[in-house]
Every structure is written in C-alpha cells, then in structure tokens.
Amino acid sequence: MALNPYLEAILAGILWGLSGIFVKYLNLPPTTVTFFRLAVPSLILLLFLLIKKIKLFHGNNKLILLASTLNAGRVYLYTVGFTFASIGNAIIILYTWPIFTTIFSILFLKEKVPKRTFFLLFIAMVGTALIYLNKEFSFSDQNFIGMTAILLSAVIYALTVIIFKKESEKYSKYETIFYQNLIGSIIFIPFIFLNKPLPTLSQTSIGIVYGALIGLVGFVFFFSALKKLKASTVSFLSYTEVVSAIILAIIFFKEALTWNMVVGGLLIILATTLIKKED
C-alpha cells in the first residue's frame with residue numbers, strides 16, 4: 001500500500017535529519033564515511049537496475065556524470081561539515097542551498113524572478129552571517145572549517161539540482177539516485193584501505209545502514225512525494241530535516257541553541273520558503 005505523499009516528504013526529512021548523528025557516531029575519517037554514504041545506494045541500485053534490465057547510461061551522459069562528480073565533492077564537504085561543526089549550525093547553513101539554486105537558475109537557466117526575490121536573497125545572507133557571528137574566522141578553528149565546508153556543500157548541491165532538474169524527465173527516480181552517487185562511490189573506494197585504522201565490523205554495519213537510509217530510502221521517499229505533490233510543498237515539508245537534526249543534536253550531544261543561531265536560522269528558512277512559493 002502506497003504511503004501518503006505528505007508523510008513520505010516528512011519521513012524523508014526526518015531520515016536526513018539523522019545524518020549528523022551517524023557521522024559523529026561513526027567517528028571515522030570523512031573520506032571513509034563518504035564512501036559508505038555513496039557506495040551503498042549505488043551498489044543496491046545497480047543490482048536493482050540490472051535485475052529490471054534497465055539500460056544504463058542513456059541520455060546526456062556527460063552532463064549527468066558531471067553532476068555525479070560534483071555530488072561526490074558535495075557529500076565529502078557535507079561529511080566534513082558534520083564532522084567538525086555542531087549539528088545545529090551545520091544543518092541550518094545547509095539549508096541555504098535553495099538560495100544558491102535561485103541564483104544559479106538566474107545565471108544559467110535565465111529564469112526571470114520577481115524583484116522581491118533579491119530582497120529575500122539578502123535576508124538569507126543576513127541569516128547566514130548571523131550564524132557565523134562570534135565564530136573565529138580561522139582555518140585553525142574546527143567549527144569554522146565545518147561550517148564553511150557545509151556552505152560549500154550547499155553551493156555545489158544547488159548546482160547539481162540545476163543539472164538534474166534539466167535532465168530529470170529522462171530518468172526514473174531510481175536511475176537519478178544511482179547516477180547521483182555513482183562517481184563518488186568509485187572515487188572513495190581507495191580510502192577504505194588507505195585510512196587507518198580500518199572500520200570495525202560494528203562501524204561497517206552502521207555505515208551500511210547510514211548509506212542505505214540516508215542515501216537511498218530518504219531519496220526514494222522524497223522523489224515519490226515529488227511526483228504527487230507540488231515541488232514547493234515537498235520542499236517546505238523537507239524542513240522537518242532541520243527540526244529533526246536539531247532535536248536529535250540536543251538529545252544525543254547536548255548541543256545548545258544560541259540566539260544568533262535561532263534568529264539566523266529563522267531568517268534563512270523564512271527567505272527560502274517565500275522564494276519557493278514563487279516557483
């Protein structure tokens with residue numbers, strides 16, 4: 001029986017909200033964690049596509065493989081971000097990606113946007129600046145490194161969204177997720193053997209669960225909901241990721257909410273929500 005699409009979108013957000021918990025609990029080098037995140041969904045979907053006898057690499061292969069390569073860098077930066085920054089700061093900064101998507105849509109897709117969108121972009125930037133408030137702007141500061149990595153991850157994710165949006169009609173949701181993770185799963189294979197110590201059996205098991213839940217199940221729910229609901233509705237419901245991540249960070253890691261984190265986060269969420277309503 002098919003799930004309610006609203007529930008699917010909410011479940012996707014809740015599952016993605018577990019990412020920071022997995023990354024910190026695994027306590028492995030970012031390259032190793034990135035391998036699990038990308039390789040597990042790739043392998044599962046490769047077997048699925050072969051069993052279903054679905055032809056691989058049809059359509060604009062160069063563009064899709066470019067997006068997959070960008071996604072490899074995006075997930076690595078995402079992992080670095082959650083490794084070094086607090087989960088609360090990381091998840092809020094991550095949700096600047098719709099802002100960058102809007103900017104890239106204007107630059108690359110020549111989309112016309114209302115004048116108020118530029119005001120909303122400014123509001124989101126103010127929110128981002130507030131989150132960085134009272135942080136040491138130094139690459140010797142781990143929290144600064146993590147937050148900056150997440151910000152770069154958001155920029156790259158926005159680029160991949162533009163590419164996959166352009167090519168989405170040519171692929172099923174399973175193909176899209178497969179291509180999304182393919183290049184990165186190959187790039188990060190060596191690090192499993194190069195990084196010391198090797199993952200324990202327990203860490204390997206958790207890494208597999210992490211890759212399957214976040215990289216596959218979460219995206220299946222998301223794309224399934226996207227087929228039945230408006231993109232703006234699904235995007236709004238995906239903000240459960242922010243709520244889920246912050247609540248879990250408070251419960252498991254005793255993270256504290258600061259005034260600039262709350263105000264900055266609200267500004268970012270308000271701006272991105274209003275921008276999405278214009279789509």
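Analyst: A residue counts as exposed when its relative accessible area is over 50%, and as buried when that area is under 20%. Asn27, at 65% relative accessibility, is over the 50% cut-off and therefore counts as exposed. The model is a predicted one.

Asn27 follows helix H2 and sits in the loop between H2 and H3. Its phi is near 55 degrees, a positive value in a residue that is not glycine. Most residues other than glycine have a negative phi, and most peptide bonds are trans.

Helix H2 itself covers residues 19-26 and is mostly covered, with six of its eight residues buried. Those six are Ser19, Gly20, Ile21, Phe22, Val23 and Leu26. They pack against helix H1 (5-16), helix H3 (30-51), H4, H5, helix H11 (201-228) and H13.

Two of these neighbours, H4 and H5, also pack against each other. Helix H4 spans residues 61-84 and helix H5 residues 87-94; the angle between them is about 145 degrees and their axes are 8 Å apart. The crossing is right-handed. On the H4 side the contact is made by Tyr78, Gly81 and Phe82, and on the H5 side by Ile87, Ala90, Ile91 and Leu94. By class, six of the residues in this contact are nonpolar, one is polar and none is charged. An α-helix has 3.6 residues a turn, so residues three or four places apart point the same way.

H13 is another neighbour of H2, and one of its residues leads back to the H5 region. Ile246 lies in helix H13, which runs over residues 240-253. With a relative accessible area of 15%, Ile246 is under the 20% cut-off and so counts as buried. Leaving out residues up to four places away in sequence, Ile246 touches Gly88, Ile91, Ile92 and Leu257. Ile91 is also one of the H5 residues in the contact with H4. The C-alpha atoms of Ile246 and Gly88 are separated by 5.2 Å, although the two residues are 158 apart along the chain.

Such a pairing can be set beside the figures for the whole chain. Among contacts between residues at least 6 apart in sequence, 89% join residues at least 24 apart. The chain has 14 helices and zero strands. Its radius of gyration is 18 Å, close to the 19 Å that the globule rule gives for 279 residues, so the chain is as compact as a globular protein of that length. The C-alpha trace spans about 50 × 45 × 35 Å along its principal axes, and 54% of the 279 residues count as buried.

Lys53, in the loop between H3 and H4, has a positive phi of about 55 degrees although it is not a glycine. At 75% relative accessibility, Lys53 is over the 50% cut-off and therefore counts as exposed. Elsewhere, Lys196 and Pro197 are joined by a cis peptide bond, with omega about -5 degrees. Pro197 is in the loop between helix H10 (189-194) and H11, and H11 is among the helices that the buried residues of H2 pack against.

Methods:
Residues are numbered from 1 along each chain as its sequence is written. This is a predicted model: local features need pLDDT of at least 70, side-chain atom pairs count only at pLDDT 80 or more; totals for chains, interfaces and linings use all residues. Side-chain values use heavy atoms; hydrogens and water are left out. Axes are lines fitted to C-alpha atoms, for helices over the stretch in contact, and angles run from 0 to 180 degrees between N-to-C directions. Helices (H or I, at least four residues) and strands (E, at least two) are DSSP runs, numbered from the N terminus. A crossing is left-handed if the near helix is turned anticlockwise from the far one by less than a right angle, and right-handed if clockwise. Contact means heavy atoms within 4.5 Å. Ala, Val, Leu, Ile, Met, Phe, Trp, Tyr, Cys and Pro count as nonpolar, Asp, Glu, Lys and Arg as charged, and the others, Gly among them, as polar. The radius of gyration is taken over C-alpha atoms; the globule rule is 2.2 Å times the number of residues to the power 0.38. Buried means under 20% relative accessible area, exposed over 50%, partly exposed in between (1.4 Å probe, protein chains only).
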